[in-house]
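Please look over the model shown here.

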Amino acid sequence: MRTKRIICIVTGVLMLLAAALYFVLLMPQNAMDEHERLELPVETAEEETSVEEVSGQQKKEADLPDIDINSWEYVLANAEHSIGEYTPELGEIEGQKLDQRILEPMQQFVADARAEGLSVFLSSGYRGFEEQQYLFNRKVEQYGEEKAATIVSRPGTSEHQTGLACDITDEYYELKDESLENTALYQWMSKHCQEYGFIVRYPKDKEEITGIIYEPWHFRYVGVEAATYMVEHNLCLEEFVALYQ
Ligand SMILES: [Zn+2]
């Protein structure tokens with residue numbers, strides 16, 4: 001009887017010890033398991049965030065118009081990029097020659113500006129290589145080549161030779177200087193040009209990049225998609241083209 005009681009007590013003590021061991025050793029592990037499980041959603045959340053970041057970057061890139069940058073609308077003519085003796089197929093609008101592919105958007109642009117009560121004057125469109133050469137040579141005779149190049153674009157580097165650019169002024173305010181930006185004409189045209197595929201080609205804050213002074217009269221066709229993107233991201237044509245290099 002006494003031995004049985006002792007066995008009972010020992011068994012009881014052992015069971016208590018086992019229970020104590022269970023709580024001391026296993027519970028923290030359970031707690032850790034739970035902690036790990038708690039961490040999992042956090043890790044998943046982090047992964048989701050990084051997935052979002054990646055898709056954000058893809059979205060940014062996808063945001064770029066899906067265009068062929070070598071297409072005619074994006075031809076770059078500046079001091080660094082000569083277009084040689086490139087000559088587009090020309091059409092005519094109000095006495096100005098332009099690439100015939102932009103006659104329609106130009107017509108619409110001008111018509112809508114007039115519908116706003118504005119007095120639009122197309123002052124200078126296409127200028128060919130030879131005409132530019134003549135203008136350049138005349139300045140060279142007057143000032144020497146170095147100075148001439150700062151006044152007149154060298155033949156092959158004037159955007160007017162692309163046939164995609166047109167100087168637009170107010171019929172009653174033909175002066176081509178910075179003050180033109182204050183005319184109602186420029187206010188409306190600079191605000192709406194991208195809807196017709198045009199941009200203000202030489203903006204005030206891009207002189208360093210374009211190499212040309214601010215010209216609030218010089219509009220250039222690049223197509224609605226590119227023009228809208230450039231306006232939304234405050235890019236000049238040089239910067240836009242560089243995004244595709
Ligand atoms: Zn111009």
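## Gly-91 and its contacts

This is a predicted model. Start with Gly-91. Beyond its neighbours within four places in sequence, Gly-91 contacts Leu-98, Gln-100 and Leu-103. Gly-91 belongs to strand S1, residues 90-93. Its bridge partner in S2 is Leu-98. Ile-102 is 11 residues away from Gly-91 along the chain, and their C-alpha atoms are 8.7 Å apart.

## The S1-S2 hairpin

Strand S2 covers residues 96-99 and pairs with S1 through 4 bridges, in the antiparallel sense. The two strands form a hairpin, with 2 residues between them. Glu-94 sits in that loop between S1 and S2. Its phi is positive, near 50°, and Glu-94 is not a glycine. Most residues other than glycine have a negative phi. Glu-94 counts as partly exposed because it has 14 C-beta neighbours inside 10 Å.

## Overall make-up and confidence

The protein has 8 helices and 6 strands. Read from the N terminus, the elements run α-β-β-α-β-α-α-β-α-β-α-β-α-α. There are 245 residues, and 24% of them count as buried. Among contacts with a separation of 6 or more, 70% join residues 24 or more positions apart.

The average pLDDT is 83, and 75% of the residues score at least 70. Residues 16-60 stand out for caution. Their pLDDT stays under 50, and the model gives them 0 contacts beyond four places in sequence. Where pLDDT is low, the predicted coordinates should not be read in detail.

## The four-stranded sheet

Which strands make up the open sheet, and in what order? There are 4, ordered S3-S4-S6-S5, and the pairing is antiparallel. The edges are S3 (120-124) and S5 (198-200), each of which pairs on one side only. From one strand to the next, the twist averages 40°. Helix H2 (residues 103-115) packs on this sheet and touches S3, S4, S5 and S6 (218-221). The direction of H2 makes about 140° with that of S3.

Now take the pairs in turn. S3 and S4 (residues 165-170) run antiparallel and are joined by 4 bridges. Here Leu-122 stands opposite Ile-168. S4 and S6 pair over 3 bridges, again in the antiparallel sense. Cys-166 has Phe-219 as its bridge partner in S6. S5 and S6 are also antiparallel, with 3 bridges. Phe-198 stands opposite Tyr-221 in that pair.

## Two faces of S6

In a regular strand the side chains alternate between the two faces of the sheet. S6 can be read residue by residue. His-218 and Arg-220 point one way, while Phe-219 and Tyr-221 point the other way. All of these residues are buried.

## The nonpolar core

In soluble globular proteins, nonpolar side chains tend to be buried together. The largest nonpolar core in this model has 33 residues. Those with the most contacts inside it are Phe-109, Cys-193, Phe-198, Ile-199, Phe-219 and Ala-227. Several elements each supply at least two core residues: H2, S4, H5 (184-192), S5, S6, H7 (224-232) and H8 (237-242). H2 gives the most, with 4 residues.

Phe-198 shows how these parts meet. Not counting residues up to four places away in sequence, Phe-198 touches Phe-109, Cys-193, Phe-219, Arg-220, Tyr-221 and Ala-227.

Helix H3 has 15 residues, 129-143. Its first and last C-alpha atoms are 21 Å apart, close to the 21 Å expected at 1.5 Å a residue.

Asn-234 lies in the loop between H7 and H8. Its phi is near 50°, positive in a residue other than glycine. Is Asn-234 buried or exposed? Asn-234 is exposed, because 10 other C-beta atoms lie within 10 Å, and 12 or fewer count as exposed.

Notes: Residues are numbered from 1 along each chain as its sequence is written. This is a predicted model: local features need pLDDT of at least 70, side-chain atom pairs count only at pLDDT 80 or more; totals for chains, interfaces and linings use all residues. Two residues are in contact if their C-beta atoms, placed from the backbone, lie within 7 Å. Two strands pair if DSSP finds at least two bridges between them. The expected span of a helix is 1.5 Å times one less than its number of residues. Axes are lines fitted to C-alpha atoms, for helices over the stretch in contact, and angles run from 0 to 180 degrees between N-to-C directions. A residue is buried if 20 or more other C-beta atoms lie within 10 Å of its own, exposed if 12 or fewer, and partly exposed in between; C-beta atoms are placed from the backbone. A nonpolar core is a set of buried Ala, Val, Leu, Ile, Met, Phe, Trp, Tyr and Cys residues joined through C-beta atoms within 7 Å. pLDDT is the predictor's confidence in each residue, from 0 to 100.
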